[in-house]
Amino acid sequence: MASTQAGQVAALIEALADGTVEIVDLTQPLSESTPVIKLPPPFANTPGLSRTEISRYDDRGPAWAWYTLTLGEHVGTHLDAPIHWVTGKDGADVGSIPPTALVGPACVIDKTAETEADPGYLLTVDDLTGWEADHGRIPDGAWVLLRTGWGARAQDEAAFLNVGEHGPQTPGPDVEASRWLAGERAIAGFGTETVGIDAGAAGGFDPPFPLHNFLLGAGRLGLTQLANLERLPPAGALLVVSPLRLVGGTGSPSRVYALVQNPHG
Ligand code: 23J
Ligand code: MN
């Protein structure tokens, strides 16, 4: 068999080897201290990550270490499947999502300055159509990623959840932008740096949690707690999302990568 082959995958392998294409890890580290969403009473909450030892090079297993994990499906950098929300209950579970939806172009909308000025910044339809005026129509199968700088807070639960006297203040789409994302473009999903795809104040919107409601109801996906979005161009990166293939699962912690053309290569 020939050691090299012409073709697109061969070209990508070569570009990765010579550094003209880079892999950016968009995943936050997952540990016992990873922040989790805290819903108000009377709603039930998710556990974060905890681990117990099965063995650690000891009597229980002299040459090996391993752990049992306890964690919610919606902890850390994770995917929301359509069946996570009641509007998507007849849609896909996380194990049924086709891989074609998990690999696609990334459209990165930078609202870092707006979020610095207002941590509860609400993304609008004008923001989305403004991005399209600069970078072209959001392609079918794309992932729309909201870049806010919020990932810098991801190791500090109080700063990350940012709960004040008026409840959580974190950025996310307003009601009309949520409707637009679900209905006006054939996106694969929407990703964000915050704890959930909806804005912190979205529990009080009409409908509550409009992006969960419309997006998951339309069979699209959510992606949260992303890292390193500042390393992506506004357009041109390829997103790769790798959730566990949990049968019947409503979501899954996920490793998320972007392939990016090296600006210096
Ligand atoms: C349940 C209820 C509301 C929200 C969430 C879960 C999430 O953030 C999630 O991880 O889907 S906002
Ligand atoms: Mn979730």
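**The surroundings of ligand 1**

A polar side-chain atom of H84 lies 2.6 Å from an oxygen atom of ligand 1. The protein covers 87% of the 320 Å² of accessible area that ligand 1 has on its own; such areas come from the Shrake-Rupley method with a 1.4 Å probe, and for residues only the protein chains shown count as cover.

This is a predicted model, in which local features need pLDDT of at least 70 and side-chain atom pairs count only at pLDDT 80 or more, while totals for chains, interfaces and linings use all residues. Residues are numbered from 1 along each chain as its sequence is written, chains are lettered from A and ligands numbered from 1 in the order in which they are written, and side-chain values use heavy atoms, with hydrogens and water left out.

Two further side chains approach oxygen atoms of the ligand. In H78, a side-chain N or O atom is 3.1 Å from an oxygen atom of ligand 1. For D80, the distance from a polar side-chain atom to a ligand oxygen is 3.3 Å.

The residues around ligand 1, that is, those with a heavy atom within 4 Å of it, are I37, L39, H74, H78, D80, H84, W85, G196, F209 and H212. By class, this shell holds four nonpolar, five polar and one charged residues. Here Ala, Val, Leu, Ile, Met, Phe, Trp, Tyr, Cys and Pro count as nonpolar, Asp, Glu, Lys and Arg as charged, and the others, Gly among them, as polar.

F209 is found in the loop between β11 (189-192) and α7 (210-217); helices (H or I, at least four residues) and strands (E, at least two) are DSSP runs, numbered from the N terminus. Phi of F209 is near 45°, a positive value in a residue other than glycine. F209 counts as partly exposed because its relative accessible area is 27%, and the partly exposed class lies between buried (under 20%) and exposed (over 50%), with a 1.4 Å probe and protein chains only. From C-alpha to C-alpha, F209 and D174 are 9.6 Å apart in space, and they are 35 residues apart in sequence.

The loop between β11 and α7 also contains P207. The peptide bond from D206 to P207 is cis, with omega near 0°. Another cis peptide bond joins P41 and P42, where omega is about 10°, and P42 is found in the loop between β1 (21-25) and β2 (50-58).

Conventions: Polar contact = N/O pair within 3.5 Å; in protein donor to acceptor, adjacent residues only side chain to side chain.
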